[in-house]
Amino acid sequence: MTVLSADPARIAERLPLLERRSQMVKAVRAFFEERGYLEVETPFAVPVPGEEVHLRCFRTELERPDGSREARFLHTSSEFAMKRIVAATGKAVFQMARVWRNGEASNTHAPEFTMLEWYRPGADLSSLMDETEAFVRALLPSVVHRGTDVIDLSLPFERLTMQAAFARYVGAELLGTAGDAEALATQAHVGLRNEENWEDLFFRLLLERVEPMIGRDRPTFLTHWPAEQAALARRDPADDRAALRFELYIGGLELANAFEELTDPVEQRERFATDRKRRMELSPDQDWAVDEDFLAALPELPPCSGIALGFDRLVMLATGAPQISDILWLA
């Protein structure tokens with residue numbers, strides 16, 4: 001009873017932030033409806049929650065009327081389902097979905113949160129960045145304050161390749177060292193930790209040296225990730241060591257992740273097998289079948305790009321809220 005009696009006061013003191021959240025939900029729908037997008041809804045409890053190596057899923061169970069039972073998982077993203085809809089219809093679609101990622105909790109992470117995803121046939125990565133920039137400007141004030149950072153959204157958003165970012169902030173030739181942890185460590189002037197591989201070192205350097213430096217005075221698109229770090233994206237035709245992926249950073253927050261979508265089911269199956277092997281090594285309990293429905297739909301998926309954006313973090317930027325629990329109705 002003590003927790004319940006405290007809830008009304010906690011909601012009341014945050015009501016201005018929550019009302020702003022509600023206004024932003026309406027603004028999201030207006031933005032996409034004006035551009036001809038179709039709003040869709042996909043299942044939350046699914047047989048296959050995704051293939052991300054490092055995400056942990058919530059597990060549940062489907063009980064059928066005949067008494068049989070099947071494992072279900074609360075999805076970590078609506079991506080697979082939404083791409084199947086695009087493949088079937090050829091339409092641009094968006095969704096504001098609840099998603100779940102177990103074991104994540106911090107000032108900017110919640111295990112259950114709202115993900116805005118949209119997929120646009122005919123869009124390449126550059127045109128998706130243009131649209132994302134327009135979307136962010138439509139939803140946020142012209143100047144955003146985050147900690148000590150003052151981010152000017154009237155400035156053109158920075159577009160920085162991962163290769164250029166590592167050259168600038170790490171002093172390393174990222175793609176040229178791919179797979180060679182010792183070479184990357186030598187160029188970065190760091191020692192390798194116990195059992196640290198190239199991927200581990202890449203993420204350590206990204207977290208410690210690159211992310212703290214970008215998106216501070218204006219938003220930054222960090223583009224063209226190493227191909228191994230973009231399992232659902234096309235490789236860059238100009239350099240197949242890189243994939244057509246970007247993440248958007250604003251004021252120290254990683255806000256969005258986007259791909260120019262891979263449509264080759266053979267290559268996608270191979271990538272899933274690689275990710276699954278790695279996931280089983282790290283988390284043997286995170287086990288499920290390959291999403292055959294998704295792979296079957298890929299040949300019908302038109303050339304398109306798609307993006308997943310953390311809506312709660314967008315609200316944090318709009319309101320200046322220091323922690324994600326401030327802008328959740330019940331947290």
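**Sheets, a helix and a surface patch**

Tutor: Happy to! In this predicted model, 3 strands form an open sheet with antiparallel pairing, in the order β2-β4-β3. The edge strands, β2 (45–46) and β3 (58–63), each pair on one side only.

Student: In β4, which residue is the bridge partner of Val46?

Tutor: Start with the two strands concerned. β2 and strand β4 (residues 69–74) run antiparallel and are joined by 2 bridges. Within β4, the residue that partners Val46 is Phe73.

Student: Let's move to β12. How many of its residues are buried?

Tutor: Strand β12 covers residues 239–250 and has pairing partners to look at. Strand β10 (residues 220–226) runs antiparallel to β12, with 6 bridges between them, and β12 is also joined to strand β13 (residues 253–260) by 6 bridges, again antiparallel. β12 is mostly covered, and of its 12 residues the number buried is 9.

Student: Which residue of β13 is the bridge partner of Tyr249?

Tutor: Tyr249 is a handy landmark, as Thr220 stands opposite this residue of β12. Going on to β13, there is a hairpin of β12 and β13 with 2 residues between the strands, where Gly251 takes a positive phi near 55 degrees. In β13, the partner of Tyr249 is Glu254.

Student: And which residue of β12 does Arg235 stand opposite?

Tutor: Arg235 brings us to strand β11 (residues 235–236), which runs antiparallel to β12 and is joined to it by 2 bridges. A hairpin through 2 residues links β11 to β12. Trp225 has Ala243 as its bridge partner in β12, and the residue that Arg235 stands opposite is also Ala243.

Student: Do β9 and β10 pair in the parallel or the antiparallel sense?

Tutor: In general, strands of a sheet pair through backbone hydrogen bonds, either parallel or antiparallel. β10 is mostly covered, with 6 of its 7 residues buried, and Arg159 stands opposite Phe221 in β10. Strand β9 (residues 158–161) and β10 have 4 bridges, and their sense is parallel.

Student: Now for α2. What span is expected for this helix at 1.5 Å a residue?

Tutor: Helix α2 runs over residues 15–34, which makes 20 residues. From its first C-alpha to its last it reaches 29 Å, close to the expected value of 28 Å.

Student: Last one: is Leu330 buried or exposed?

Tutor: Leu330 is found in the segment after α10 (311–319). Together with Leu15 and Trp329, Leu330 forms a nonpolar surface patch with about 310 Å² of accessible area. The cut-off for the label is over 50% relative accessibility. Leu330 has 63%, and therefore counts as exposed.

Definitions and conventions:
Residues are numbered from 1 along each chain as its sequence is written. This is a predicted model: local features need pLDDT of at least 70, side-chain atom pairs count only at pLDDT 80 or more; totals for chains, interfaces and linings use all residues. Side-chain values use heavy atoms; hydrogens and water are left out. The expected span of a helix is 1.5 Å times one less than its number of residues. Patches are made of residues with over 30% relative accessible area and no salt bridge: like charges are joined within 9 Å, nonpolar side chains (Val, Leu, Ile, Met, Phe, Trp, Tyr) within 5 Å. Accessible areas come from the Shrake-Rupley method with a 1.4 Å probe; for residues, only the protein chains shown count as cover. A salt bridge is a side-chain nitrogen of Lys or Arg within 4 Å of a carboxyl oxygen of Asp or Glu. Buried means under 20% relative accessible area, exposed over 50%, partly exposed in between (1.4 Å probe, protein chains only). Two strands pair if DSSP finds at least two bridges between them.
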